[in-house]
Amino acid sequence: GDNGEDAKTAPIKMVARSGKPIEHWYWGNVVHDLAGMHLHKSRIPIDYVHDSKEIIGYLNHFDTESGDLVTSGALVPFKKNDRATEIIHKDRAGVPYEASINFGGDGIKIQEVQRDEVAEVNGFRFEGPGVIIREWPLRGVAVCPYGADMNTETSALSDTNKVFRATVIAEPDTAAKECSEMSD
């Protein structure tokens, strides 16, 4: 939707994460279970390339009905030559942007899928080896030239040294173990 002729914001819509597996530099073959996403706020920040000094707007609508995480909100320019203004201008000129999620924090639940095992996630069969992020907090989304998930997109009409706790969901005959270190 249009934010109005004199609006100080510009609407943005993002496919923030597809429901498909990707090959990730840290996780390897990984897919996020979209049913396991949870929000800790009604609005989350949009930044540029996971840089917390480049907050450019917010997201306040989240939909997974299509099988992808589709979000919308607003870019919030504050001066003529800031990053939000640049993205709006380049998007209108046809520059394609992708997206990347920030899901760091406590409370992540991970299912390890071994070689020759299959698990259901997002309505399809996920074949191991790989990892399913079963429960995860969506903390923010970044506008990026290149997202880890090439099936993302951004349309505008991070600190990698953090350590978080996660629970690894083990096989049914063993107990869950807790990892003390992982990066987002």
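Helices (H or I, at least four residues) and strands (E, at least two) are DSSP runs, numbered from the N terminus. The model is predicted: local features need pLDDT of at least 70, side-chain atom pairs count only at pLDDT 80 or more, and totals for chains, interfaces and linings use all residues. Residues are numbered from 1 along each chain as its sequence is written, and side-chain values use heavy atoms, with hydrogens and water left out.

His-50 sits in the loop between strand 5 and strand 6, and Val-49 lies in that loop too. Most residues other than glycine have a negative phi, and most peptide bonds are trans. Both residues in the table have a positive phi. Buried means under 20% relative accessible area, exposed over 50%, and partly exposed in between (1.4 Å probe, protein chains only).

| Residue | Phi | Relative accessible area |
|---|---|---|
| Val-49 | near 50° | 40%, partly exposed |
| His-50 | near 60° | 15%, buried |

Helix 1 covers residues 83-92, and its buried residues are Ala-84, Ile-87, Ile-88 and Asp-91. Seen down the axis of helix 1, these residues fall within an arc of 100°, so they line one face of the helix; the arc is that of the directions from the helix axis to the C-beta atoms. They pack against several strands, including strand 1 (10-17), strand 5 (44-48) and strand 6 (51-63), where contact means heavy atoms within 4.5 Å. Just after helix 1, Gly-94 has a positive phi of about 100°.

A cis peptide bond, with omega of about 10°, joins Gly-128 and Pro-129. Pro-129 is placed in the loop between strand 11 (124-127) and strand 12 (130-138).
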